[in-house]
Amino acid sequence: MTFEKNILCIGAGYVGGPTMAMIGAKCPQYKVTVVDIDMNKIAAWKSDSLPIYEPGLSELVKTTRDRNLFFSTDIEAGIREANIIFVSVNTPTKTFGQGAGKAADLQYWEKTARQILANSKDSKIIVEKSTLPVRTAKAMERILNGNSEKIHFEVVSNPEFLAEGSAIKDLENPDRVLIGSSETEKGIRARKEIVDIYANWVAREKIIESNVWSSELSKLTANAFLAQRVSSINSLSALCEKTEADIDEVAHAVGMESRIGPRFLKASVGFGGSCFKKDILNLVYICQSYGLNEVADYWESVVKINEWQEKRFIQNMLINMFNTVAGKRIALFGFAFKADTGDTRESPALYITRGLLEERALVVISDPEALGNAKRDLKDFNENLIFTEDPYEAARESHAVAVLTEWRQFKELDYTRILNSMCQPAFIFDGRNILDHRRLFEMGFNVFAIGKAPLKHF
Ligand SMILES: NC(=O)c1ccc[n+]([C@@H]2O[C@H](COP(=O)([O-])OP(=O)(O)OC[C@H]3O[C@@H](n4cnc5c(N)ncnc54)[C@H](O)[C@@H]3O)[C@@H](O)[C@H]2O)c1
C-alpha cells in the first residue's frame, strides 16, 4: 500500500505514543512510524500491554497498529523514509554543569538532530514536539543545515498540550493546536504541511499559527500559568488552615468569576508530573540568562511554594500524630502524580514517602496503576516499604491513611471497614480533598484535609 506521507516520530513516550496513535487513527492515508532507543518500550507498544496507561489508549492503538501505525527500533530506516519527523524525546532538567538544576538538558534532542542529519538523503520537515527552551529551533537549524549537501531541513514548533490522564480526549478534541515556523517562504510552506495533518480532524479555527519563538515560549508559558494557579490556591490553603476559612469554598467563590474561571483551583498536597517543575525552572533559567532576574524570581516562587506545600504535608502528619511516626504503619492511597495515569514522575507521593521513611515509618503504598513505577522509583529503599494493590490491605493495622492521588476508587471505599481495621486513634490526611471529611469524622476518624480546619476527637 502506498501512503500520502511518511511521518516518523522519534520518542515513544507519554507524548510520542498517544499523539502518533491519534494521527494514525485520524489519517489512514499517512504511514506513521514511532521509533525509540528503548527496545523494551517498543516491544510493549507492539504488545497487548502498552508501556503507559491512558484511558482509551489501548483501544485506539488496536484500531491502527499494523494498519498505518508502526512501532520500531530501526531509527535510521525510519529517518530515511520519512518526509516529516516529529521529535518527542525527553528534555529533562540538566543535572550537571552550567544551568544544573534549572536549564533543559538538550543532549537527547541534539543527538537526535545529528542522527537525522546523518541518515537523510532528502529534505525534511523537523517538528519540535518536545517542550524546548525558546530559540532552540535556531540551534537545531544550525546543526541540521550545516551540511554540505543540497538538502534542507525546516524546523517547525508544534508543542504538545495534552494532559496525562486525559491524553486521548485532549488529542481528539484539543483546545488548540499551535504550529510555529520561521516566516520565510520555506517556513510557511512547512507550517502548512503540519496544519494539513491536524486539519484532518481539528476545526481550522482551533489550529493557530505563529512565529517559531512564540510557539516555543507559549508551551513554557502555558505550563507556568497552570502551575501558578495550583501554587496560588495552595499558598492560601495554609492561611485557611489557620483561620477556619475553607479553601474549597474560597476556590468555588473565586472561580465563579468569569475573569478567573473554576479550573485548576483545587488545593492539594502539590502538583507533580514530569513537566511543570522542569518547564518552569527552564523558564527561570532563560530569564536569568537574559538578566531578567525579577521575572525569574517570580516564576521560581511557583516551584518553591509547591515544595513547601509537600513539606507542610509531612510536618502536619508528624505534629498531629504526636510528633512521631517511627514504627507506625502508614497507608498511602495513591502514588501516581494524578488520577488516570501510572506516571509517577515528580509525584508528591515520592517526596512524602521519602520523608516518612526518614522518620522511620512503615509505609504501605497502594495504587491501581502506578505500583510498577513506584517500585522502580523506590528501589533504593529496601526496608519499611510495602506495595499492595488492595487499599484495604494497605490500611490494615495502620495508624494513618494519606490520600495522595485523586483516584475515584478511593472515594468509593468502605471507610467503616477501614477504620475498624486500623490502630486507634485513626488518622486520615486527605492530600487531594476528595473524601467526605465530616462523615469520616463522625465515623471516628481524625481528619486533616488541605486548607480546612482539622476535625479531631481530642
Ligand atoms: N508527559 C506529558 O504530559 C507531556 C506533555 C506535553 C509535552 N511534553 C514534553 O514532551 C517531551 C517528551 O515527554 P514524554 O513525557 O513523552 O517523555 P518520555 O520520557 O515518556 O519519552 C521520551 C522517549 O524518548 C526516547 N528517546 C530519548 N532519546 C532518544 C533518541 N536519541 N532516539 C530515540 N528515542 C529517544 C526515550 O527512550 C523515551 O522513550 C518532553 O519534552 C516533555 O516536556 C510532555
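Which helix gives the most to the lining of the largest cavity? H12 does, with five residues. The model is predicted, so to read it: local features need pLDDT of at least 70, side-chain atom pairs count only at pLDDT 80 or more, and totals for chains, interfaces and linings use all residues. Residues are numbered from 1 along each chain as its sequence is written, and side-chain values use heavy atoms, without hydrogens and water.

**Cavities**
- Six cavities of 30 Å³ or more are present (a cavity is a set of points on a 1 Å grid over the protein atoms alone where a 1.4 Å probe fits but cannot get out; a volume is the space filled by probe spheres set on the points, which are joined across faces, edges and corners).
- The largest cavity holds about 100 Å³ of space.

**Lining of the largest cavity**
- The lining (residues with an atom within 4 Å of a point) includes Glu241, Arg312, Phe313 and Ile450.
- At least two lining residues come from each of helix H12 (293-320) and strand S14 (446-449) (DSSP runs, H or I of at least four residues for helices and E of at least two for strands, numbered from the N terminus).
- By class, the lining has seven nonpolar, two polar and two charged residues (Ala, Val, Leu, Ile, Met, Phe, Trp, Tyr, Cys and Pro are nonpolar, Asp, Glu, Lys and Arg charged, the others, Gly among them, polar).

**Packing of H6 and H9**
- The axes of helix H6 (residues 136-144) and helix H9 (residues 212-243) lie 9 Å apart at an angle of about 125 degrees (lines fitted to C-alpha atoms over the stretch in contact; angles run from 0 to 180 degrees between N-to-C directions).
- H6 and H9 are therefore oblique to each other (under 35 degrees is roughly parallel, over 145 roughly antiparallel, 65 to 115 roughly perpendicular, the rest oblique).
- Thr136, Ala137 and Lys138 of H6 are in contact (heavy atoms within 4.5 Å) with Val212, Trp213 and Glu216 of H9.
- That contact comprises three nonpolar, one polar and two charged residues.

Methods:
1 Å grid on protein atoms, 1.4 Å probe; cavity = no way out; pocket = protein on both sides within 12 Å on 5 of 7 lines; lining within 4 Å.
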